[in-house]
Amino acid sequence: MATGTGTGASSAGLARATSGGRVERGAEPPFEEKLRLFNEVKADLRFSDYLYGCYECGICVAVCPSARFYDFSPRRIAQAVAREDVELVYEQMNGEVWECSQCFSCLVCPRKNNPGGIITIMREVAVKNGLHSAKEALEGYSRIIYKIMSTGTQVSPDMIRPDAFPDWGPTAKETADNLEVWRRAMPPDTMHTTSSSWEVDDKTLTELYLIWHLTGVLDMIKTLDESLHMILVDVMEEKLEEAGYPLSG
Amino acid sequence: MPIPINIPVKGPAAPTKKGEFRRTPDDAPEDLKAKMLELEAKGEWIVQRVPEPYVEVQTKYGKPKKIPLQHTWHHKSCGQCGHIPGYSTSIFWLHRKLGLEYNDPRDQTSCTAWNYYASATSNSAAQAGVAMRNFAAAYETGYFPQIHCATSYGHYKEVRSELIHHKELRDQVREILKKMGKPLVIPEEIVHYSEWVYAVRHEIAKRQVLDLSQITVTVHPACHYYKLVSEDAIYDPDVYGGQRTAIVTGVVEALGAKVADYSTWFDCCGFGFRHILVQRDFTRSFAVQRKIEVMRDEANPDVTLTHDTGCVTTLDKSQFAAQAHKGVTAAIPVLSEAQFAALAMGAHPYRVCQLHWHSADYHPLLEKMGIDWRERWREFEDDLERLKKDPGAVMTWDDADAAPTQAFGAGTRPHPAHLAHGGR
């Protein structure tokens with residue numbers, strides 16, 4: 001198989017945001033660009049541990065929750081990648097990979113494939129390269145990324161708002177209305193917090209920021225959401241500099 | 001002429017009784033523990049040993065696993081602490097009541113795997129960095145990690161496997177930790193809190209103050225507990241013939257409640273990671289149609305118990321919309337087995353188990369368990385009033401234990417098994 005020349009994340013076929021913030025699909029990229037993305041999936045160090053071929057037995061589909069509700073099939077993903085069907089893999093990265101529940105029920109595969117794991121890698125490549133599907137699937141998700149990356153905990157108590165979780169019933173409103181006193185009314189002294197799930201030391205947070213910084217995660221966020229990237233960099237750079245961690249290199 | 005082939009063929013397996021199901025260590029995937037120790041011998045990392053005392057339990061392929069009883073470093077769950085905090089509080093309370101020492105650290109971040117499985121806005125190096133930073137923080141305290149969330153547990157097992165198999169990843173993460181002044185440390189066992197509850201289930205049963213023999217329970221085993229790196233999960237030949245993980249079911253049986261089966265036990269809860277946050281129509285539909293309605297039709301339980309953050313969240317929170325939409329009135333309360341065990345031992349349903357954070361109606365369950373929830377809520381409202389008057393005040397463990405267990409409702413009955421164990 002030929003190696004893709006690569007045109008980078010800014011090439012055609014990727015997403016762009018409209019002035020209203022809605023994500024629009026760009027033009028279809030050339031085959032070489034799709035091949036570059038496919039090769040990026042294959043280059044992930046986990047790839048060889050996740051795919052060994054496919055019996056086409058369908059067990060993964062039978063146990064898959066997403067297959068029951070969407071036009072989604074872990075078998076199609078495994079087969080497309082195993083057959084190196086570059087066009088189909090590109091199509092899947094631009095849509096159905098985001099329907100996977102990441103429950104890993106598909107690990108029942110008798111061939112020891114890990115379709116859920118392949119999908120994790122495909123999603124990562126979609127995010128890193130700013131594909132339309134990633135921006136669309138993660139619309140409305142920025143506040144979660146901000147929370148986990150900046151506080152070290154994900155769904156903090158102050159995120160349980162009736163407007164965000166109306167389908168959770170009256171407890172969402174009761175929780176929001178009584179949040180501060182309910183948080184003080186629990187015995188562990190680490191949990192009297194509202195903006196994070198527990199009290200995280202400053203030094204601990206700085207070490208987390210260093211991990212994001214050194215592993216290129218902030219660059220991934222930039223591709224996905226430039227405004228969020230700017231906010232996170234502001235939050236993190238000051239802490240990292242205060243702690244004496246060099247930010248270059 | 002036939003071409004000779006040299007394929008090693010194992011002899012026939014030992015005969016099994018009709019209907020008997022058996023796994024053997026020979027069926028197991030590679031021995032990761034041996035590889036961890038080999039890497040330690042080469043100076044690649046430190047393997048943090050399980051402290052004594054520990055209980056040995058049996059895993060899927062018959063290998064033993066050490067579950068430390070105390071001196072544990074509690075890797076909390078962001079979802080549990082954030083919106084179902086009685087889950088975490090009950091785990092701590094059980095340790096305290098059993099007199100087992102633990103560390104509840106501030107030098108801990110979430111595993112960040114919920115976000116990773118939802119959005120993929122991370123990568124293997126960052127995820128391994130987060131895991132190993134937390135493990136190093138535990139090691140520095142001398143305490144051994146006990147992980148509250150099944151997704152953290154499953155993801156950390158994935159990370160362990162990746163680190164064992166990929167030297168370049170180990171080198172990268174070691175360099176990151178070096179900048180923090182931390183060593184590269186991997187725990188000898190990756191231990192989930194529910195394994196600890198399972199290991200101490202008979203000690204809990206000895207201290208039980210409620211009769212649960214009339215309580216029917218359905219169990220939802222958490223996908224990330226037993227499907228991800230499955231060989232680490234606890235199995236018991238006496239529980240479902242060793243064909244399903246024994247983890248929560250074993251606890252329910254020890255507490256004397258009835259376990260009721262249902263056909264979709266293998267299905268996930270519908271959490272979906274991304275879906276629970278930004279595409280909840282899928283989550284609600286799956287949770288209700290494939291889990292809650294099937295449980296109700298086939299088992300009619302008083303409660304469903306599970307052992308993971310996402311599962312409690314999904315199964316509990318998804319019922320309101322379905323009830324509103326379909327006019328269904330009967331909810332199935334959803335608790336962790338830690339909350340259920342704590343209630344059985346006399347924990348306060350609000351001060352300790354924090355049930356007011358749950359959505360599905362749990363009051364009929366408490367009544368059937370013999371807990372006077374109205375009186376307990378009145379006590380808790382008094383607590384809240386006191387806290388409102390003093391903005392600097394917080395509830396303490398002493399406050400939580402202030403309610404004597406004998407005060408738990410007129411219907412409270414000692415468990416027959418407890419009487420049988422009396423004095424032991």
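Which helices of chain A do the buried residues of α1(A) pack against? Some notes on that and on the rest of the model follow.

1. Ground rules. This is a predicted model, where local features need pLDDT of at least 70, side-chain atom pairs count only at pLDDT 80 or more, and totals for chains, interfaces and linings use all residues. Residues are numbered from 1 along each chain as its sequence is written, with chains lettered from A and ligands numbered from 1 in the order in which they are written.

2. Scores. The model gets ipTM 0.90 and pTM 0.91. For chain B, the mean pLDDT (the predictor's confidence in each residue, from 0 to 100) is 90, and 89% of residues reach 70 or more.

3. Chain A overall. I see 14 helices and 2 strands, taken as DSSP runs numbered from the N terminus (helices H or I, at least four residues; strands E, at least two). Domain 1 covers 16-137 and domain 2 covers 142-242, with bounds from an automatic or database domain assignment. Their centres, over C-alpha atoms, are 28 Å apart. Of the 249 residues in chain A, 48% are buried, that is, with 20 or more other C-beta atoms within 10 Å of their own, those atoms being placed from the backbone. Among contacts between residues at least 6 apart in sequence, 66% join residues at least 24 apart.

4. Back to α1(A). The buried residues of α1(A) pack against α6 (86-93) and α7 (115-128) of chain A. In α1(A), the buried ones are E33(A), K34(A), L35(A), R36(A), L37(A) and F38(A).

5. Chain B domains. Domain 1 (45-193) and domain 2 (208-419) have C-alpha centres 24 Å apart. Their contact takes 36 residues from domain 1 of chain B and 35 from domain 2 of chain B. On the domain 1 side, elements supplying at least two residues each include β2 (54-58) and α6 (150-165) of chain B, while α3(B) gives the largest share, 9 residues. That side divides into 16 nonpolar, 14 polar and 6 charged residues, counting Ala, Val, Leu, Ile, Met, Phe, Trp, Tyr, Cys and Pro as nonpolar, Asp, Glu, Lys and Arg as charged, and the others, Gly among them, as polar.

Note on methods:
A residue is buried if 20 or more other C-beta atoms lie within 10 Å of its own, exposed if 12 or fewer, and partly exposed in between; C-beta atoms are placed from the backbone. Two residues are in contact if their C-beta atoms, placed from the backbone, lie within 7 Å.
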